[in-house]
Amino acid sequence: MHVGKSTSLYLPQLFFLFLFICNFLLLSLVYAQTDDPLLNSEDSSVAIPDSELVVVAPVTSLIAEDYKYDDGKQINLSWVPSIDDQLVGSKVLGYRLFRIIDDGKPELLAKLRCGANSYSDGKLKSESVYSYYLEAFSKNFIATSTRTVPISPEREWINFDRKYLFLLAFIIGGAVIFFIESARRGKKLFVRKIAGLEAVDEAIGRATEMGRPILFIPGILDMNDVQTLAGITILGRVSQQIANYDTKIRMPVSRSLVMTAARETIKAAYQTAGRPDQYSDDMVNYVTDEQFGYVAAVDGIMVREKPATVFLMGAFFAESLILAETGNSVGAIQIAGTARPAQLPFFIAACDFTLIGEELFAASAYLSGEPKQLGSLKGQDVGKGIAMAAILIGVLAETIGTAWNVEFMNDVVRWLTILFTTQ
Amino acid sequence: MTMVDIGRLISLIFIGGGLLWLFISGLKGKEVDRRIIFLFIFLSVATPILFPITFGEKATPVVKAVFDKVESLPEGSRVLISFDFDPAMAPEVQPMANAITRHSLTKGHKVIFMSLFATGQALLTQSLRKVVGEEFPELEECKDYVNVGFKAGNEGVLNVIVTDFKKMFPTDVNNVPYDSIEVFDGIKSCKDIDLIVSIGGGMPGVKEWVLFVGDPGNVPVAAGVAAVVAPQMYPYYPEQILGILGGVKGAAEYESELIKNYPHFAEMDTPALRMMGPQTLAHMVIMIFIVIGNVLFFVSRRKRRGK
Amino acid sequence: MKREIPLLITFIVGVVLIVSVFVPPTETLGEDFSVFFDIIAVFAFFLGGGNLVQSHFSKARKRQTDWGYSIVTLVGFVAMLTIGLFKLGNPGGISAPPTAEGSLFQEIFDFVIMPLSATMYSLLAFFVASASYRAFRAKNREATILLVAAFIILLGRTPFGMLVTGWIPESFDILQIPNMAIWIMNSPNLAGQRAIMIGIGLGVVSMSLRIILGIERTYLGGDD
């Protein structure tokens, strides 16, 4: 088991975070709004011709409310449309919404179509006071609503609608950190065997014996995708073995940033193994961002170079089966891992070993064997425990509540729905 | 009997006879070379294309939900269709994009076209040329429909248009300013749109539309996706996604529902219905190969036990 | 400092993005950071393009195995770049968008790139057949259940499903193959997908925390 030096980055990181937040709060207090996107002004007084007036009723119950839990930039308006606003044969042709800022001149804010009963006015200033009114217009008549009570948007610093999400994130994140700390202090943690990861050594050994290269494919997404990061971290572990055995590796990639990261990773592995001269930039090459262009190139490499081992670790889409089947046809041993459920059946059918979903993210921790990495896997299990308990309670409560009309069980279901719904 | 019928018959006899011969070989324990499998798949796909074979389709509830939504919206409703796919997926999903466009324009809805894929914009142009240009020449751009094209940024784009459409698309593809486009009257953000249809199956796609626009903005979202992605959409149906068109079958069901309600569309091109012929025959061939594979497996196992 | 600065950037960005979910004034930061990444990724295009040209040019020059393919790659790369940048064959001239109707760039896209991409995608039809032939064998109980489910779904996706079981009365319509296919998709498949998605979500949380806290550093090159 590899034991790394202790990472005591928490205190400096916390200090920088504190500085950053203070800085940000100060800036927010003097943050100025960008300009208000006013629409073209229109003179709202329409000349009414000397013909029969099409009289329409104004909108009613026009209410302006501060949009909760935002940065003090938005007011929501709602109203009851004019009674002459009908689906068929409507006398009302539309509405014009006007806004008054700080008792100034009314300005046209929006033209709305028939049936509209709400509007969100954004990019406001929390220091200003706003009021609104609506005009319902027909072909030759305008009916104006009463003005709303003047209102200022308020800035809320904490979004209390997401308190349950915060609680869950705190519990799960806290569990991960707790078990990392426990592992660092020497507590032994059990992690079940994952067949695909147990086979990595054997797969690399096979390639070494056969004198054929290993092909590593990190998926087709960029470094901002967590699956690609997982693939690169697995590459780091695998390339340490490869450097030790001096096996050839080929890594065609479809993103430039991934190419750069992969090169650094493999180079560092060769340096650690004491063989920096064996490393070559040609091990990792960029092909194309285009999905099927990349697949064509990789298939060509597989058929021409006949790798002994193929690692497919990352985010894959429709090309997953094409890659896996081609790898199978050249007789390679294939270990795949992805967190895209749609592609898992293809990998399971065509590859020798498949890492399903979370196993891909656990792979790096599993292969390193480091206590603090394994601790994070344990923390994940707390989240799974919560999910299982919630599903069990929810299913029972829903079943009993619906079958026997037990109000308490219906309340439990309602509470669980609120708990697990993000606002 | 026409030449087409004769050709169809000969091809089907050839395919059927070949599969029977392979089945008998399987009983003798002979493994099928993968190239033979590829040959039969080629024949099963080529035959219905060369000698057209079509089947009737009935819309399943998930597809009918999308149809009913477009059908029930009042005239003049705003429908946004996002072409979130690349050329590789186009044969599968473009027919459904065209069918929904056709349906929306027939109902008099105002359609907003956009794409989150760089290569989707060219496909969007193709659909506009084919559907709007040929079938609805009387419609005016910017008044009855608008093409705002592609915008880079993936889910970043969605994050913005859920509150401010104009910020992300200040003009359409022809540089007509947002405020001059009649289709955008009263539209400040996606929350003012009556229906969003995301066609695709990659990333960004339907899930991102639901996560960033549909759910927070409370806007109905319909999905048109490749068949392989459709199973992933079912968790969101019917709460977050009101309906799903999955692959060529979903598109074929939508086309057949369209023809059922608007018989004059039977004269138009229905690529999805045409493609169901090859899909059906290919599915049958795959099933027969699975049977052959299992026969081979049991024969081999019996032989090994015998030894 | 070569490792510490990236770790610090990772930590700050990660924490800010988490905080932005709960603190409304910071909500736009997530969007801003996505834009920052896009800008960095655009610069990386030069890296990738440069590497492509350099590696294929070197291969062609040294006449290595299959150097002919490298010539094709280089010709295609230079041709599309030139046509797109200088708007060659574009009816609108140099100021028109490269994908203007009738432009050479658009025509190459429509008649070369699109058919090539569609061809690669269509290989799936062949590979699905060969993978099914190999994988769907009743080796054990679970494999047999998988085989039966696959058969029902395959039949349900064709008109033959209704043809074979259309005679079943309404009261037992769940036994009609298309309805069974829909039930399989909506119930056991959905349950499995949701379970995998929950596991993936938790795996992402764990992996993200390891990266943000600097415990996982392999992606930076090297360990510890």
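A polar contact is a pair of N or O atoms within 3.5 Å; within protein, one must be able to donate a hydrogen and the other to accept it, and residues adjacent in sequence count only if both atoms are side-chain atoms. With that rule, 6 residue pairs are in polar contact across the interface of chain B and chain C, both residues at pLDDT 80 or more.

Hello everyone, a quick word on what we are looking at. This is a predicted model, where local features need pLDDT of at least 70, side-chain atom pairs count only at pLDDT 80 or more, and totals for chains, interfaces and linings use all residues. Residues are numbered from 1 along each chain as its sequence is written, chains are lettered from A and ligands numbered from 1 in the order in which they are written, and side-chain values use heavy atoms, with hydrogens and water left out.

Let's stay with chains B and C. The contact (heavy atoms within 4.5 Å) takes 52 residues from chain B and 40 residues from chain C. Together the two chains bury about 4,100 Å², 70% of it on carbon and sulfur atoms; buried area here is the accessible area (1.4 Å probe) that two parts lose on being put together, summed over both. On the chain B side, Tyr234(B), Met287(B) and Ile290(B) lose the most area to chain C, together 14% of what that side buries.

How many salt bridges join chain B and chain C? The count is 1, where a salt bridge is a side-chain nitrogen of Lys or Arg within 4 Å of a carboxyl oxygen of Asp or Glu. Its partners are Arg137(C) and Glu31(B), at 3.3 Å from N to O.

Now for salt bridges inside chain B. Arg8(B) pairs with Asp5(B), their closest N and O atoms being 3.0 Å apart. Both sit in helix H1 (residues 3-27) of chain B, 3 residues apart, so about one helical turn separates them. Helices are DSSP runs (H or I, at least four residues) and strands are too (E, at least two), numbered from the N terminus. Arg8(B) is partly exposed at 22% relative accessibility, and Asp5(B) is partly exposed at 26%. For those words, buried means under 20% relative accessible area, exposed over 50%, and partly exposed in between (1.4 Å probe, protein chains only).

Asp269(B) and Lys130(B) also form a salt bridge, at 3.5 Å from N to O. This pair links distant parts of the chain, 139 residues apart.
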